[in-house]
Amino acid sequence: MTYLDKASLKVVGTRPIRPDGVDKVIGRAAFGADMVLPGMLWGKVARSPHAHARIKSINIDKALAVPGVKAIVTSADLPAIPSEEAFVGEGPMNFRDLSSNCMARGKVLYDGHAVAAVAATSPAIAEEAAALIEVEYEVLPHVIDVEDAMKPDAPVLHDDLFTQGIDPKPAKASNIAKRITFTKGDFAQGWKEAEVTIERRYTTQPVHQAYIEPHACLVSVGADGQCTIFSSSQGQFMVRAYCAKLLGIDIANIRATPAEIGGGFGGKTLVYLEPVALALSKKAGKPVKIVMSREEVFRGTGPAAGGVIEVKYGAKKDGRLVAAELVVKLQAGAFPGSPVGPACMCGFAMYDIPHVNIVGYDVVSNRPKVAAYRAPGAPNSTFGTESCLDELAIELKIDPLKLREINAAKEGTKAAHGPTWANIGYTQTLDAAKAHPHMKIALGPNQGRGIASGFWFNIGGESAASVYVNEDGTATVVEGNPDVGGSRASMAMMAAEVLGIAYERVRAVVADTSSTGYCFLTGGSRVTFATGMAVTQAAEKVVVELKKRAAMIWDISPDAVDWKDGKAYPAGPNAGSFEPLSLGEIALKAGRTGGPISAEVSINAQGAGAGFATHICDVEIDRETGHVKVLRYTAVQDVGRAIHPSYVEGQIQGGVTQGIGWALNEEYVYDKHGRLDNAGFLDYRIPVASDMPMIEAVMVEVPNPRHPFGARGVGEVPIVPPMAAVANAIADAIGTRMRDLPMSPPKLRAALDLQDPPRLAAE
Amino acid sequence: MPRVSYTAPATVDEAVKALAGAAGLAKVLSGGTDLLVQLKSGRLAPELIVDMKRIPEMIGIREEGEFFVIGAATPGVMLSAHERLEHAFPGIVEGVDLIGSTQIQGRASIAGNLCNASPAADSVPPVIAARATAVIAGPNGRREVAVEAIVIGPGRTSLAKGEFVVEFKVPKPKPRQCDAYLRFIPRTEMDIAVVGCAVNVTLDAGGTCIDARVVLGAVAPTQLIVDEAAQALIGHKLDADTLAKLDLAAQRACKPITDKRGTIEYRIKIAGVLARRAAAIAFERAAARA
């Protein structure tokens, strides 16, 4: 059944308070670090001080001799597992590499790479002992930058890594894990047909997801081998699966409970601490808790990939694009698996271009292994493609919004990466942007306006949900996706809508892995779509059952019962004349009509709707300091149907904020030894509240017909356009194009000084 | 395991004794907003921490004749809330207001900001620009020195073992004297100065500068008193030529480093920019007092 008629909705589309809100506001919610168990030990991870080194020996004698130390583990305590590739979360994953990332095996590959871990009776003892673990290193040459890592003479991280996607297979190991290509039409032909061509090179920096909650877990391995895990992640089933794989434990022997999550943004779609804590707990025979420091989070987890983006456009003078080429060189960090695939696919996805050539390289270097971050890969390529389109618009003397309209992908357009679009709302975002009052606000001196668009796939996948009718006529929804953005509220709203009862009468809980059916992790903007679909179907099954029970009470056929506004009615005069029965009345009699009323649905949700967005950004430049102030920002997005509009707006505003941080200030600073020099929020500059204007989220609703309420994923595409939107606004303000992120004050001032050389003391 | 002792004396003499008697590293605690962070990160492992907040004379702001006397452990919010101090030295309060966040300012003191000896400390340049002195207590009694004599390098002070700052004495402004402090950070708050600049000027009735002090932060191992910049202002009104000379003088004085917070080249340029902008504010404020 579908509920696409907005006018008929009573709950979906309203803005009730989220059920987890109060506890989070008053500090009572239990996050990863908040749980305790009797007899619990504290774990601490010892980390590499080198960017690249061979581990010659590890001596734990001194550490083990510290009173209070109960266990120490190294990679020798984790089973050696064979290379096995799986596509999980939002990127490829090799379990052998994941194991080596949790605990270095043979070599350390980045500053902060885990080499050993201690469990002790207090955090201070664990810390002291971790510092006493003696690791003898043979320091090796290291490489940080992506293009340096691609050079033939670069230090090689993995001597068994041979570039995939090149024929014949290379004879020599390198840091290029993979080369991928996408083609549509004949690029050379299109380039010949072009009347105007443009070629530019852009760079992005790796950035951390910067969730406020550091990674934390509390685990217990029982004497009989049954394990419990309490941790902060984007998927308790993911934690369970990875720990089972990495430690050789039967899945049935692990019960993983999701903590409240203090932000993940993709960065908590894999494990760092849980397998290590399990190994310590097994060895010590006690529960073990590990909480990372902020410095460990920066040195040892995430980030999102950075890279080099080379773009070519060929166009007719009237603005029609005839050819486009994209080369993306993306950092994977210490192990293969950057999001180069999505980066390649997203760059031109907004446009109808006949001849396209796309090449991507997945490149390892001596930095932490990248993790997913909101629309992984797309912000990188889109910074290049949407900046370059702006440069082309200037060259063609065509309004940048108009140029996008001319080339916009529509119903039936075949995208360069393969699919033919159906039910997409890209042009609607352009229309809404064009009509928005923002576009008419006059700009002052040193102010500029930039436009950029973006695309993200959104996914569906495996989800299970149950709906239980309680004896007082309320209902409980049980599902398995950690709530990162208000999904409990959305789930309860969809169930309430189907059941016909008030939102406040439905509570949704996120259950542990032994208390609900399998849910793939919270990622890919899938939860409201896929788990929402499961919840809706479960609620529908409950309604069928409620009608059956009413029919039983009335002694008529279930087909002769209608369900409306939370009550059973006789379907018509022929059905008989009965007073309507409310859900509460039916629930009260459930024991006498067949037992408790509930339903579970497990699905693999198909038909996720693509997400398109168009952003408008105004900036003002301080020409003397190079400081960029974002004056106003409007983000237009096709959201399908906003189940809870406030939380959709929150996703949009959050994504834009992170994108602005990526655009203006965020970067990793490495010293000459390859050590991270800014592993903290003081010098890793995410935006603060006062840096941000109010971000206006404009929701365009082009319903996705494959979802019962028309929902599309909304959490990722908001981070795709901002970097280009900011760069395009800066170019509009000062006439100089910034092609390298971050567009920080020193870089901007240097660019301005080229325009207008200042009087300097040095001269 | 590392162990640390803590004491909270009630008098300056007891504090001197505790500090002087410590066998290993002893640290003074006022707000603790630098010290506790250093302890937690493992950068410092003192044997003794002496908490000054229980010593009555070290907290609060008094007016004694021609001076404001500020207790060394006075939290920043008390400075900001002191209307007469704020009116006399808006630049000092501007510096204090830029330290961390509102919560941090509820703890952090200007003595701590000074004795942490960071070249980027925001409250220090305007205090030096006001020609303030610090009263230091130690095993040999009390002495009074210019504030600029205390920091001698990043993380290093001229204080001897057992010595600490008890209070600051800030001479009250003359007629048509006022100050301003500006810093540059890439964000809008919660950051460390890339460059800081305090300007304190005295004008005659016609608006010509008759006395000035220009102090830069974060562009050298210590705060810099830039005499050449003061000379560029004295005897002049704030016209374009004066501003250009001030800018160049400020740039010439800089001896910065390149680090994660800024490059040499950028810091030098910004020192000139901030000197001009701070001077403009200080002149306007001083003139308004005529």
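Keep in mind that the structure is a predicted model.

**The sheet**

Let's begin with the strands. Chain B holds an open sheet of three strands, in the order β1-β3-β2, and their pairing is parallel. The edge strands are β1 and β2 of chain B, each of which pairs on one side only. From one strand to the next, the twist averages 20°. Here are the strands with their residues:

| Strand (chain B) | Residues |
|---|---|
| β1 | 5-7 |
| β2 | 26-29 |
| β3 | 48-51 |

How many bridges join β2(B) to β3(B)? There are four, and the two strands run parallel. Within this part of the sheet, B:V28 stands opposite B:V50 in β3(B).

A helix also joins the picture. Helix α1 of chain B, residues 12-21, packs on the sheet and touches β1, β2 and β3 of chain B. The direction of α1 makes about 170° with that of β3(B).

**Two packed helices**

Two packed helices are described by the angle between their axes and the distance between the axes. The crossing of α10(B) past α11(B) is right-handed.

Which residues meet here? Among them are B:L243, B:L246 and B:A250 in α10(B), and B:I268, B:V273 and B:A279 in α11(B). By class, this contact has eight nonpolar, two polar and three charged residues.

Conventions:
Residues numbered from 1 in each chain as written. Chains lettered and ligands numbered in written order. Predicted model: local features only at pLDDT ≥ 70, side-chain atom pairs only at ≥ 80, totals over all residues. Heavy atoms only, no water. Pairing = 2+ DSSP bridges. Axes fitted to C-alpha atoms, helices over the stretch in contact; angles between N-to-C directions. Contact = heavy atoms within 4.5 Å. Left-handed = near helix turned anticlockwise from the far one by under 90°. Nonpolar A, V, L, I, M, F, W, Y, C, P; charged D, E, K, R; others polar.
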